[in-house]
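This briefing walks through one structure, topic by topic. Keep the sequence and the 3D view at hand while reading.

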Amino acid sequence: MSTRETPSGTAEMNLTRHCPLVSCGREVKRGERIATASAPGLGDIHAPCAGTVEHVDPYRIRIAIEDGETVSPEVLDGQSGPGLLARLRELGADVPACDQVDTLIINAMDEEPGIRSRRTLMADRLDILQAGADALVRGYVPVDTILAVPGGVRESLPGMEVKVLSDQYPQTLDPLVAKAVTGIEMPDNTLVVGLETVFHAGLIMDTGLPVMETMVTVGNSARLITLGTPVGEILTNDGETIRDGDRIVMGGVLRGIAAASPGQGVDRSTTALSLVRNPAPVAVDAACVGCGECVRHCPARLDPSMITSYAEFGQYAKAEAEAVDACFECGLCGFFCIARRPMLQYIRLAKRELAKAKAQLGEVTQP
Ligand code: SF4
Ligand code: SF4
């Protein structure tokens with residue numbers, strides 16, 4: 001059974017699409033809500049430790065940890081339907097917003113090579129996963145509930161049909177799992193939820209408290225880490241020395257994002273941490289040479305060279321016309337790009353800018 005690792009001096013919570021609810025100097029309880037989500041399907045953010053808020057900007061809230069109280073737990077046992085899903089989001093689970101779910105697929109396949117978080121959750125925290133899965137079933141009321149696992153996983157969740165699927169990347173990503181399970185590309189009324197979201201929902205149901213920890217792969221194993229724990233502190237405690245020019249990658253090698261600084265905290269989407277020594281060459285804004293490698297390898301059958309060229313020059317509407325929304329961010333175009341263009345970064349930029357523009361027009365979006 002994994003034990004939880006906690007930050008020593010400060011906890012830093014990343015704000016992605018969240019609005020802060022606290023200002024500097026404010027004392028917070030452990031579990032107090034400190035930021036509210038501004039996009040559907042995204043959970044709110046809570047203080048993972050008691051303390052005093054020492055920094056707030058649009059991207060982060062940092063808390064100096066002190067002894068203090070924890071918020072009172074809630075009882076959610078009798079709740080169901082959209083009300084339960086909304087409450088789970090308020091308590092910090094990233095529960096997708098979906099009007100009708102006929103088929104609920106729980107994706108228990110670790111998405112990228114080298115990540116072991118979901119496999120470890122299945123082995124160590126089946127009780128919490130069961131509580132989370134029960135809550136999601138009560139919330140979405142699907143006709144079918146399916147657990148997608150890789151070969152070799154013996155554990156399952158009671159009451160669920162189990163499908164053993166290929167774990168060869170990118171078959172582990174949600175859109176391809178949905179296709180493998182249903183036999184249909186982009187099936188209607190089918191929702192795929194990652195196992196960490198089920199775990200977070202289960203923690204809420206089990207403790208009555210907001211989500212304050214997650215399972216993260218560090219090195220060759222996965223362990224529970226308190227949200228907000230600085231990524232540099234985790235690696236340093238593991239004996240790593242972080243030098244100038246090194247990058248700390250949050251997530252896998254194909255889809256991960258470099259931490260802005262060693263002080264950046266683990267968040268709910270952090271499935272893995274790794275240190276990349278002074279990467280050279282770093283991806284640069286090199287020109288596309290038209291080799292076609294990205295097109296050949298795109299599992300979504302898109303033209304990543306066109307999408308990223310439009311994004312590079314701020315032509316986001318044209319990127320949208322090239323179906324950038326259908327990209328499921330596998331990162332293979334960037335991996336195979338011989339010009340080393342930052343493909344995934346351009347794609348994420350285009351999606352973010354399109355979502356921002358739609359939000360300004362009052363359209364509901366979920367990037
Ligand atoms: S990240 Fe690149 S290769 Fe992967 S689906 Fe998107 S466009 Fe295609
Ligand atoms: S792989 Fe890179 S260089 Fe080749 S076509 Fe795609 S974007 Fe251009």
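Of the 15 residues around ligand 1, those that come nearest are C298, P304, C327, C330 and C333. The model is a predicted one.

**Ligand 1**
- Helix 10 (332-336) and helix 11 (343-360) each supply at least two residues of the shell around ligand 1.
- Helix 11 gives the most to this shell, with three residues.
- Sorted by class, the shell around ligand 1 holds 13 nonpolar residues, one polar residue and one charged residue.

**Ligand 2**
- There are 14 residues around ligand 2, and C288, C291, C294, S305 and C337 come nearest.
- Two elements give two or more residues to the shell around ligand 2: helix 7 (293-297) and helix 8 (304-312).
- The classes in the shell around ligand 2 are nine nonpolar, three polar and two charged residues.

**Domains**
- The chain is divided into three parts: domain 1 (4-71 + 210-276), domain 2 (81-204) and domain 3 (293-360).
- The centres of domain 2 and domain 3, taken over C-alpha atoms, are separated by 27 Å.
- Where domain 2 and domain 3 are in contact, five residues of domain 2 face four residues of domain 3.
- The side of domain 2 that touches domain 3 has four nonpolar residues, one charged residue and no polar residues.

**Helix 1**
- Helix 1 spans residues 81-90, and its buried residues are L84, L85, L88 and R89.
- Seen down the axis of helix 1, the buried residues fall within an arc of 140°, so they line one face of the helix.
- The cover over these buried residues includes strand 5 (33-37), helix 3 (126-140) and helix 5 (195-207).
- Just after helix 1 comes G92, which takes a positive phi of about 100°.

**Helix 4**
- In helix 4, which covers residues 174-182, L176, V177, A178 and V181 are buried.
- Four strands pack against the buried residues of helix 4: strand 9 (103-107), strand 10 (144-150), strand 11 (161-165) and strand 12 (190-194).
- G183 follows helix 4 and has a positive phi, near 80°.

How values were computed
Residues numbered from 1 in each chain as written. Chains lettered and ligands numbered in written order. Predicted model: local features only at pLDDT ≥ 70, side-chain atom pairs only at ≥ 80, totals over all residues. Buried ≥ 20, exposed ≤ 12 C-beta atoms within 10 Å, placed from the backbone. Arc of directions from axis to C-beta. Contact = placed C-beta atoms within 7 Å. Near = placed C-beta within 6 Å. Nonpolar A, V, L, I, M, F, W, Y, C, P; charged D, E, K, R; others polar. Domains from an automatic or database assignment.
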